[in-house]
Amino acid sequence: MEVPERGRRAEAPWKKLSKEELENQYSPSRWVIRLGAEEALRTYSQIGDEATKRARATRRNRLHVPYGDGEGENLDIYFPEQVSEASPFCVFFHGGYWQSGSKDTSAFMVNPLTAQGVAVVIVAYDIAPKGTLDQMVDQVTRSIVYIQKQYPRNEGIYLCGHSAGAHLAAMMLLADWTKHAVAPNLRGFFLISGIYDLEPIVFTSQNGPLLMTLEDARRNGPQQLLEAALTQPVDPACHVLVIVGQHDSPEFSRQSREFYQGPQDHQPFIQQIPSEHLLQVRQGPAASRSCLALFSTQTLCRGGWNASFEELHDVDHFEIIWKLTQDDYVLTQMILRTIFQEP
């Protein structure tokens, strides 16, 4: 999806950072507070590996189910004790800066959620350098289509992603499902410590395996796509929960807050946009007739989404996700309350 050029805005805060500080801000392991960087990464992997082994040993499941023809296009499905096609499904996309991580070590939430009647899906996608961002977004889209077609009586599909996985989940907010001939029953999004503006990543070492250009970053940037969108969400009841840890880096925190509510120095602007661009971000007959638009910088709040923001106390970028193995963890309970529509 191409994003039309926008009007003049204040310079993004990350552009004022030195190269060294930008690298620091987008290196989550440098911000952990209880463990060293390497130990935090090892612990994260170890907990994910143990949780996955435990889930596979104790939960009914379908493993390595293909959702496409590619070697890396498969997913794991874990079912509650009472298996039903009418269950709610929570679909998880792992993090790893689009270049590491695996579904085979990412079943953090499986046991706590399946114990409460939620089916959990952990999705694999082709990470870099094999996969490009465009391919990953397409794979995530098709994985959701697969779940909807396989379980059409589901009681709602809830997308959950961590870090780079939150980016991939957020890209589904404005996905065009018409070419897939199915409308997924999306009821909620849990976007955990995510990246929604990819442009800063282009100028960090994380971009080495990605080889991402600025054009790639803008085309696959949820923030840019949301700013360009001219329509209300298809289902206003779909709840979008944007979550960040207290000890995430200031840049990660800023990205989450601005995706939710926009930059503090927001200014509306008027811009001429070619109608062919509007067609890419708006559906319906009115799209081709609109060429002049008054914009405020679109965000979840201003766009009519049922959205909320949570900063979780005293957790870092890795603890925020590995604690989902715990039944009484605050985020586990948030997810369950949202799925079962409890106050």
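Asp314 is partly exposed, with a relative accessible area of 29%. Here buried means under 20% relative accessible area, exposed means over 50%, and partly exposed lies in between, with a 1.4 Å probe and protein chains only. The model is predicted: local features need pLDDT of at least 70, side-chain atom pairs count only at pLDDT 80 or more, and totals for chains, interfaces and linings use all residues. Residues are numbered from 1 along each chain as its sequence is written, and side-chain values use heavy atoms, with hydrogens and water left out.

Asp314 has a charged partner. Arg34 forms a salt bridge with Asp314, and their closest N and O atoms are 3.3 Å apart. The pair links distant parts of the chain, 280 residues apart. Arg34 sits in the loop between helix 1 (19-25) and helix 2 (37-58). Asp314 sits in the loop between strand 10 and helix 11. Helices (H or I, at least four residues) and strands (E, at least two) are DSSP runs, numbered from the N terminus. Arg34 is also partly exposed, with a relative accessible area of 44%.

What counts as a salt bridge? The rule asks for a side-chain nitrogen of Lys or Arg within 4 Å of a carboxyl oxygen of Asp or Glu. Side chains of opposite charge can pair when their charged atoms come close. By this rule the structure has 18 salt bridges. Arg56, Asp76, Lys103 and Asp104 are linked in a network of them.

Now turn to Arg219. Which residues does Arg219 pair with? One partner is Asp134, with the closest N and O atoms 2.7 Å apart. Arg219 lies in helix 7 (residues 214-219) and Asp134 in helix 4, so this pair ties together parts that are 85 residues apart in sequence. Another partner is Asp216, with the closest N and O atoms 2.6 Å apart. Asp216 and Arg219 both lie in helix 7, three residues apart, about one turn of the helix. An α-helix has 3.6 residues a turn, so residues three or four places apart point the same way. Arg219 is buried, at 14% relative accessible area. Asp216 is buried too, at 19%. Asp134 is partly exposed, at 35%.

Helix 4 leads on to Lys149, which lies in that helix. Setting aside its neighbours within four places in sequence, Lys149 is in contact (heavy atoms within 4.5 Å) with His180 and Val182. The C-alpha atoms of Lys149 and Ala181 are separated by 10.0 Å, and these two residues are 32 residues apart along the chain.

Next come the rings. A search of the whole structure finds ten aromatic pairs. In the pair of Phe79 and Tyr151, the ring centres are 6.2 Å apart and the planes stand at 65°, so the pair is edge-to-face. Phe79 lies in the loop between strand 2 (74-78) and strand 3 (89-93), and Tyr151 in the loop between helix 4 (133-150) and strand 5 (157-162), so the pair ties together parts that are 72 residues apart in sequence. Both Phe79 and Tyr151 are buried. The rule pairs rings of Phe, Tyr and Trp (its six-membered ring) if their centres lie within 6.5 Å; planes under 30 degrees apart count as stacked, over 60 as edge-to-face and the rest as tilted. Elsewhere, Tyr44, Phe108 and Phe318 form one aromatic cluster.

Strands 2 and 3 also flank strand 4 as partners. Four bridges join strand 2 to strand 4, and the two run antiparallel. Tyr78 stands opposite Val120 in strand 4. Five bridges join strand 3 to strand 4, and these run parallel. Val91 has Val121 as its bridge partner in strand 4. Two strands pair if DSSP finds at least two bridges between them.

How many residues of strand 4 (residues 119-123) are buried? Five of its five residues are buried. In a regular strand the side chains alternate between the two faces of the sheet. Ala119, Val121 and Val123 are buried on one side of strand 4, and Val120 and Ile122 on the other.

Seven of its ten residues are buried, so helix 12 is largely enclosed by the rest of the structure. Among the buried ones are Leu331, Met334, Ile335 and Ile339. Their cover includes helix 3 (110-114), strand 5, strand 6 (186-192), strand 7 (239-245), strand 10 (306-312) and helix 11 (319-322). Just after helix 12, Gln341 takes a positive phi of about 55°.
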